[in-house]
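Subject: Structure handover and notes

Hello,

Here is the structure I said I would pass on. My notes follow below it.

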Amino acid sequence: MNPILFVDNLSKTYATGFEALKSVTLEIRRGEIFALLGPNGAGKTTLISIICGIVMPTSGKVTVDGMDIGAQYRKVRELIGLVPQELTVNMFETVWDTVSFSRGLFGKAPDPAYIEKLLKALTLWDKKDSTLITLSGGMKRRVMIAKALSHEPKLLFLDEPTAGVDVELRQEMWQVVRNLRDQGTTIILTTHYIEEAEEMADRVGVITKGELIVVEEKAELMRKLGRKQLVLHLHEPLSAVPPALADHKLELGAEGRELIYTYDARAERTGITSLLNDMRSAGVIFSDLNTTQSSLEDIFVDLVKGAR
């Protein structure tokens, strides 16, 4: 199946000489949730702005559903919905009016049945006659999504969709995004909340200093790059790692009551058997053990550090 979005060797250098994007190539599959991660100033916003036709690239090409963003701007823009991080709404309009008006901006004929369906899907129907100024932050964020979906786009960009939203509402927003994906909308989200990407994304891309350094299935990325740790709970606390165990590069935790061993689960030999034998020889006794695997946040931090 052809990708819904294809970014080919995209670069952007501003008049100041700042190189915001460096030969970025990316394919987005139809019907997936793709999380784009990166520190501030990494190039996320520039990339989205070019795809949405807001910023012109220095070189490269962008096609959406097979159409070139430069040559067929109007048709391409109709296929894209954008939810910016900032709330850009008239606070004194009703929910119904602001969503309906957004549909009209794209030249779409009025369709009250579709707007009703959209508002119900986003649990905004009972607020349709309320002015935006009376809504909570989470409700306003949903209205922004409704505005972006009002013209029935195939591709939806969510720029920090849960910024400033409390934990409970964030969970609700995640479910809204999943429902949109299930209904066939392809979603690209940028986020500073690593758990957001870990919870929702099918694939993850990491961008830093204008370069896309990795694009991978979330589960595969965690399998390839995730570290595992064996935590040994000691019978008696230690003040330092015994010299006989120095080769295993252990860490002390929990005020000396834990020994932490980091290993690569993919390796032919994990070294765990050797560690346990050496602990027995050194007279270090443990009462329990458990394993943990690094989170997507750990992987992200390591990738960005490695690209510096």
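Which residue just after H3 takes a positive phi? That residue is Gly 107, with a phi of about 75 degrees. Please keep in mind that this is a predicted model.

The overall picture

The protein has 10 helices and 14 strands. Of its 308 residues, 44% are buried. Taking the contacts between residues at least 6 apart in sequence, 69% join residues at least 24 apart.

Helix H3

H3 covers residues 95–105, and its buried residues are Val 95, Thr 98, Val 99, Ser 102 and Arg 103. Looking down the axis of H3, these buried residues fall within an arc of 140 degrees, so they line one face of the helix. Phe 101 and Leu 105, on the other side of H3, are exposed. The cover over the buried residues of H3 includes two further helices, H4 (112–121) and H5 (137–149).

Is Ser 102 buried or exposed? Its relative accessibility is 5%, and buried means under 20%, so Ser 102 counts as buried. Apart from neighbours within four places in sequence, Ser 102 is in contact with Lys 147 and Ser 150.

Helix H4

The buried residues in H4 are Tyr 114, Ile 115, Leu 118 and Leu 119. Around the axis they cover an arc of only 130 degrees, which puts them on the same side of H4. Ala 113 and Lys 117 are exposed and sit on the face of H4 turned away from that buried side. H3 and H5 are included in what covers the buried residues of H4. After H4 comes Thr 123, which has a positive phi near 50 degrees.

How H3 meets H4

The axes of H3 and H4 are 11 Å apart, and the two helices pack at an angle of about 120 degrees. That angle makes H3 oblique to H4. The crossing of H3 past H4 is right-handed. On the H3 side, the residues that meet H4 are Val 95, Trp 96, Val 99, Ser 100 and Arg 103. Their counterparts in H4 are Pro 112, Tyr 114, Ile 115, Glu 116, Leu 118 and Leu 119. Sorted by class, this contact has eight nonpolar, one polar and two charged residues.

How H3 meets H5

At what angle do the axes of H3 and H5 cross? They cross at roughly 30 degrees and come within 7 Å. Angles under 35 degrees count as roughly parallel, and H3 and H5 are therefore roughly parallel to each other. The crossing of H3 and H5 is right-handed. By class, the contact of H3 with H5 has four nonpolar, two polar and one charged residues.

Reading the two contacts together

Regards

Notes. Residues are numbered from 1 along each chain as its sequence is written. This is a predicted model: local features need pLDDT of at least 70, side-chain atom pairs count only at pLDDT 80 or more; totals for chains, interfaces and linings use all residues. Side-chain values use heavy atoms; hydrogens and water are left out. Buried means under 20% relative accessible area, exposed over 50%, partly exposed in between (1.4 Å probe, protein chains only). Helices (H or I, at least four residues) and strands (E, at least two) are DSSP runs, numbered from the N terminus. The arc is that of the directions from the helix axis to the C-beta atoms. Contact means heavy atoms within 4.5 Å. Axes are lines fitted to C-alpha atoms, for helices over the stretch in contact, and angles run from 0 to 180 degrees between N-to-C directions. Angles under 35 degrees count as roughly parallel, over 145 as roughly antiparallel, 65 to 115 as roughly perpendicular and the rest as oblique. A crossing is left-handed if the near helix is turned anticlockwise from the far one by less than a right angle, and right-handed if clockwise. Ala, Val, Leu, Ile, Met, Phe, Trp, Tyr, Cys and Pro count as nonpolar, Asp, Glu, Lys and Arg as charged, and the others, Gly among them, as polar.
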